[in-house]
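Q: I'm new to this one. Can we go through it piece by piece?
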Amino acid sequence: MKLLLLVVLAVALTCPAHAAETGSLTATVSAPIAKHKAGAVVFVKSGPTGAVAAKTVQLDQKGMVFLPRILPIAKGWTVEFLNSDPVAHNVYTIDGEKYDLGTWPQGQKRKYTFSKSGVYRQLCKVHDDMIAYIVVLDTPWFATSDKEGRVSLAGLPPGAYTFGVWHEKLGAADFQASIAAGAPTIATIALKPK
Ligand SMILES: [Cu+2]
C-alpha cells in the first residue's frame, strides 16, 4: 500500500501536464464610476522580456466613432485604418511621431507602422469630437479590461514583474507581482482620479 502511494506521488510530480512553462496575471479593475472599469490597459513595465512579433491590427471609423476607442499595440506593429462610414474621415495625431494619413472615403484603408512607444491621441480633422487612443508599448504582454473590469495577461515567463496601468480618464499606481508557471497570479487594480 505504501509503495503504491509512492508510485502515484512520483507520477503526479513528473507529469508533463503539471510543468507549464509560462504563467499569467488575472486582475480585477475597480473605479469610482462603474463604467470606467473598462478600457484600462495593463502591461508589463519591467521584468522578463520577450520578442515582439510583427502584427497588423485594425482601427475602424464606424458610426462616427473610432473602433476600438482604446487600442494597445506593441512597438513595431502596424495599424490598418478603415473607414466604414458613408462620409470621408481623416486620420492624424499630434503625439509621438505626428502623422497625418489624409482624408479618404468609405471602403478605403491606409496603414501606419508605429516605431516609437507612447500614447497617441487618434484624431479626425473632419470631425473634431472623434478620438481614440493608441497605446504603443515596449512589451509583447498587455491587455485591456472589459466592462466588468476583468483583464488577464497570458504567456508570461516566470519571474518578478512591475506592471503598469494606463486609463483614458483615471490612473493607478504601478504594481509588482511575481509570476509562476501554471496557476495565475491574482491582482486587484484600483483606478483613481489622475
Ligand atoms: Cu471623422
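Q: What is the bridge partner of Ser30 in β17?
A: Ala190 is the residue in β17 that bridges to Ser30. This is a predicted model, where local features need pLDDT of at least 70 and side-chain atom pairs count only at pLDDT 80 or more, while totals for chains, interfaces and linings use all residues. Numbering starts from 1 along each chain as its sequence is written.

Q: How many bridges join β1 to β17, and do they run parallel or antiparallel?
A: β1 and β17 run parallel, joined by 6 bridges. Strands here are DSSP runs of E with at least two residues, helices are runs of H or I with at least four, and both are numbered from the N terminus. Two strands pair if DSSP finds at least two bridges between them.

Q: Which sheet is that in, and what is the order?
A: An open sheet of 3 strands, ordered β13-β1-β17, with mixed pairing. β13 and β17 (185-190) are the edge strands, each pairing on one side only. On average, neighbouring strands of this sheet are turned by 20 degrees against each other, direction ignored. For such angles, axes are lines fitted to C-alpha atoms (for helices over the stretch in contact), and angles run from 0 to 180 degrees between N-to-C directions.

Q: What about the open sheet of 4 strands?
A: Its order is β4-β3-β6-β9, and the pairing is mixed. The edges are β4 (65-67) and β9 (109-113), each of which pairs on one side only. Neighbouring strands of this sheet are turned by 25 degrees on average, direction ignored. β6 and β9 run antiparallel with 5 bridges between them, and Val79 has Tyr112 in β9 as its bridge partner.

Q: Changing topic: where is Gln106?
A: Gln106 is in the loop between β8 (100-104) and β9.

Q: Why does Gln106 count as partly exposed?
A: Because Gln106 has 14 C-beta neighbours inside 10 Å. A residue is buried with 20 or more other C-beta atoms within 10 Å of its own, exposed with 12 or fewer, and partly exposed in between, with C-beta atoms placed from the backbone.

Q: And what is Gln106 in contact with, beyond four places in sequence?
A: Asn83, Ser84, Asp85 and Pro86. Contact means that the C-beta atoms of two residues, placed from the backbone, lie within 7 Å. His89 is 17 residues from Gln106 in sequence, and their C-alpha atoms are 8.2 Å apart.

Q: OK, the largest nonpolar core: which residues touch the most other members?
A: Ala40, Val42, Phe43, Ile73 and Ile134, out of 41 residues. A nonpolar core is a set of buried Ala, Val, Leu, Ile, Met, Phe, Trp, Tyr and Cys residues joined through C-beta atoms within 7 Å. β11 gives the largest share of this core, 5 residues. Domain 1 (21-50 + 140-194) and domain 2 (51-138) each contribute at least three residues; the domain bounds come from an automatic or database domain assignment.

Q: What is the average pLDDT?
A: It is 92, and 90% of the residues score at least 70. pLDDT is the predictor's confidence in each residue, from 0 to 100.

Q: Where does pLDDT stay under 50?
A: Over residues 3-19, where the model has 0 contacts beyond four places in sequence. Where pLDDT is low, the predicted coordinates should not be read in detail.
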